[in-house]
Structure formats: structure tokens, C-alpha cells
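Open your viewer and get ready to click around. We'll go stop by stop, with something to select each time.

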Amino acid sequence: MWRSVFAFSALALFGAGLTGCALNKFERREPWRDQAEQICLSRKLVQQTEFVTPAKEIDGPGPCGMQQPFRVTRLGNGSVALKQRMTLACPALAEAEAWLADTIQPAANLYFGQPVAEINAGSYACRGRNNQAGAKLSEHSFGNAVDIMSFKLADGSVITVKGGWRGTEAEQGFLREVFLGACQRFTTVLAPGSNVFHYDHIHVDLARHDPRGLKRLCQPLIKFVPQLGAEGARSSYPRPPARQPAPPQAPIDVEEDDPYGLTPMSARGTPTKVARSPAAPAPSAYTAAPAPRPYRPQAPASRLASAPAYEEPAPGFEEEPLSLTAPGLGSGPIY
């Protein structure tokens, strides 16, 4: 009997070793990852609550893991539920909370007159990019990335990235505000139109595309005048240092698989309630967001004149069903 137990243990250890090799036996966890975690923790950018709790260190297989992972069941100090629990390192979690407060909730109130109540997102997974053995590890392997598939509003309406990116005008505007807000905080942001792998989710991460971590990748290039700006929410979260566009050869974390095997729009069954812009703004319980304002497809010319314009030559999306920018605007800075 003991021989059987020893044999089974040996096989298990051998299998674990093969798993580490299958990831990439030559890849090592870069020193900057642990350094970024330590800086984030020392600055107390993530506060422990009943919804955000520290977990045991994740060390492996291979270079996967993080020194101080956090298990997250709700964001926004408990105001936003998560459809699945997330596991993230301190830097990615701090930026996700800031993104929620600075952009996601203000945009939801602007376009729908109500806050986001639930987010369907994916986080930590130790795997190579595209789930390929031997491929460079995804940023998800270090708790340094988040995939957003959908948002549920307070009234139960759902905005999916897959359906809403080319959905109603309000859905398009909301998702583009969310996308551009992410580009201000994360070093990699990939949305529908960036490549064939991101047709149904927005991927954000804090990968380093250069030694200093200043270069960023934000795709696709979109033609959109953001309505959030000077009137957007103010929060205590600091903005990251100014970053530069990443060169074409910068590494791109492409995801061809659904984090949970099923996208919100691929399920068969009861139709999803579609979010619409309200006829009159509804009251919001989200205190960090500005007072709700009804969505206006075209803002005053004086305001649009100073807003940057963005181009969107996304492959496969040449035909734009709805115009979300004012006519006559010249070209401006693009992402």
C-alpha cells in the first residue's frame, strides 16, 4: 500500500514539474513585479475591508504568482458586486478601484442616469498567452490584468462589451468612455476592434513595455469625443505618470479564450435586458459620482471645440452605425 502511495506522490510531483515546464521553463518572474507590489503595499493604495482580503502568497507553478494577492468580492467599498471573485495584486487592484471611481461610475450616471451595480470580470489565471504551452505568460499569471465582459446597472440592465460596443448610442458612448478612462490608468488596454481575440471583452493590464514602464498600448484607435472631462468625478486616487505610446513591437497580451468559458452574450436562454439612456435622470446612490445628468448625443459646440478627437480605423469595423462625434472637428491626439 505504501508503495502505491509513494508512486502516486512521485507521479504528482512529476506532473507539477511538467506543468511548470509547459508554461515556459526559461521564463522568470521579472524583479519589477515584486518591486511594484512592495511600493503599492507600502503606500497603502489598497485598504483591507470585508470585501477585499489579503490571501496567502502565490508562488508558482513556474514564475506565476504574486507576493501579496488580494481576494476581492466587491469593489467601490462594497457598492459594486463581482459576478466572480477576483484575485489581484496590489497595483492592478488599486488602478481598478480608481478606474471605477473616476470613469466607470461617472460614465454610467452620465449615459444611463444610474450607477453600475455589478461587473462580470476575470483576473488571475496562471497560463501562457492564448493558453498555449511554452508561450510568454499572460499578465493574468501575475494578478496584473483584468478582463471586463459586462456591466449590470442598478435597474438590472446589462451592457455587454460584445453587444454594446456596436449597440445603442448610449451603450457605445458609455463603453468608449470606460475604454478611454482605462487608457489613462493602464499600460495595456485592448477592446473590440484591437484584434480578433478581444471581440467580447476589454482587457487591461499594467505590463511594462519599456524599462521605465512609461510606454503604453491602447487599441483600437477610436473616433469619439469624450463627454467626461472637467465635469468628471474627482477622487482621492492619484493619476499615474504621463505615458508614451508603445512602439509596434511592444508585447501584446492577446486573449483568445473566455476567462470563464462563456461570454455573457453567447449563452442561450432568456434575452438580456438592454440598457437605455433615461428620459429623465434617475437618482443615484453612488456618492463618489457627480450628480446624474441625462445623456445628450451632442454637447454644446463650445465644449466640443476643446475636446480631443479620436480615430477608429479598427479592422472589420469600417462601417460605424452611429456617429458619436460632432461634425467639423479637426484631428487631435489619438490613442
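Before the clicking starts, one term: helices (H or I, at least four residues) and strands (E, at least two) are DSSP runs, numbered from the N terminus. Now select P220, which sits in the loop between β11 (215–219) and β12 (244–245). The peptide bond that joins Q219 and P220 is cis, with omega about 5 degrees.

A word on what you're looking at: this is a predicted model, where local features need pLDDT of at least 70 and side-chain atom pairs count only at pLDDT 80 or more, while totals for chains, interfaces and linings use all residues. Residues are numbered from 1 along each chain as its sequence is written, and side-chain values use heavy atoms, with hydrogens and water left out.

**Stop 1: the whole chain**

Zoom out. The protein has 6 helices and 12 strands. Of its 335 residues, 49% are buried (under 20% relative accessible area; exposed is over 50%, and partly exposed is in between, using a 1.4 Å probe and protein chains only). Next come contacts, meaning heavy atoms within 4.5 Å. Take the contacts between residues at least 6 apart in sequence: 73% of them join residues at least 24 apart.

Colour by pLDDT, the predictor's confidence in each residue, from 0 to 100. The average is 73, and 59% of the residues score at least 70. Select residues 230–236: here pLDDT is below 50, and the stretch has 14 contacts in the model beyond near neighbours in sequence. Then try residues 280–335, where pLDDT stays under 50 and the model has 114 contacts beyond four places in sequence. Where pLDDT is low, the predicted coordinates should not be read in detail.

**Stop 2: the largest nonpolar core**

A nonpolar core is a set of buried Ala, Val, Leu, Ile, Met, Phe, Trp, Tyr and Cys residues joined through side-chain atoms within 4.5 Å. Select V116, I119, F151, F174, F179 and V189: among the 50 residues of the largest core, these touch the most other members. Elements that each supply at least two residues include β4 (70–75), β6 (116–122) and α5 (169–183). Which helix gives the most to this core? That's α3, with 12 residues.

Stay on F179 for a moment. Leaving out residues up to four places away in sequence, F179 touches W165, V189, A191, C218, Q219, P220 and I222.

**Stop 3**

Rings of Phe, Tyr and Trp (its six-membered ring) pair if their centres lie within 6.5 Å; planes under 30 degrees apart count as stacked, over 60 as edge-to-face and the rest as tilted. The count here is 4 aromatic pairs. Select F112 and F174, an edge-to-face pair with 5.6 Å centre to centre and 65 degrees between the planes. F112 lies in helix α3 and F174 in helix α5, so the pair ties together parts that are 62 residues apart in sequence. Ring pairs link F112, F151 and F174 into a cluster.

**Stop 4: charges that meet**

A salt bridge is a side-chain nitrogen of Lys or Arg within 4 Å of a carboxyl oxygen of Asp or Glu, and by this rule there are 7. Show the side chain of R33. Which glutamate does R33 meet at 2.8 Å, N to O? Look for E139. The two are 106 residues apart, with R33 in helix α2 (residues 31–42) and E139 in the loop between β6 and β7. Both R33 and E139 are buried. R33 also meets E30 in a salt bridge, at 2.7 Å, N to O.

Still on R33, show F142: R33 lies over the face of this ring, at 3.7 Å from the ring centre. (The rule is NZ of Lys or CZ of Arg within 6 Å of the ring centre and within 35 degrees of the ring normal.)

Now jump to D102 and R185, another salt bridge, at 2.7 Å, N to O. D102 lies in helix α3 and R185 in the loop between α5 and β9 (188–190), so the pair ties together parts that are 83 residues apart in sequence.

**Stop 5: a positive phi**

Finish at K44, in the loop between α2 and β1 (52–54). K44 has a positive phi of about 55 degrees although it is not a glycine. Is K44 buried or exposed? K44 is exposed, because its relative accessible area is 59%.
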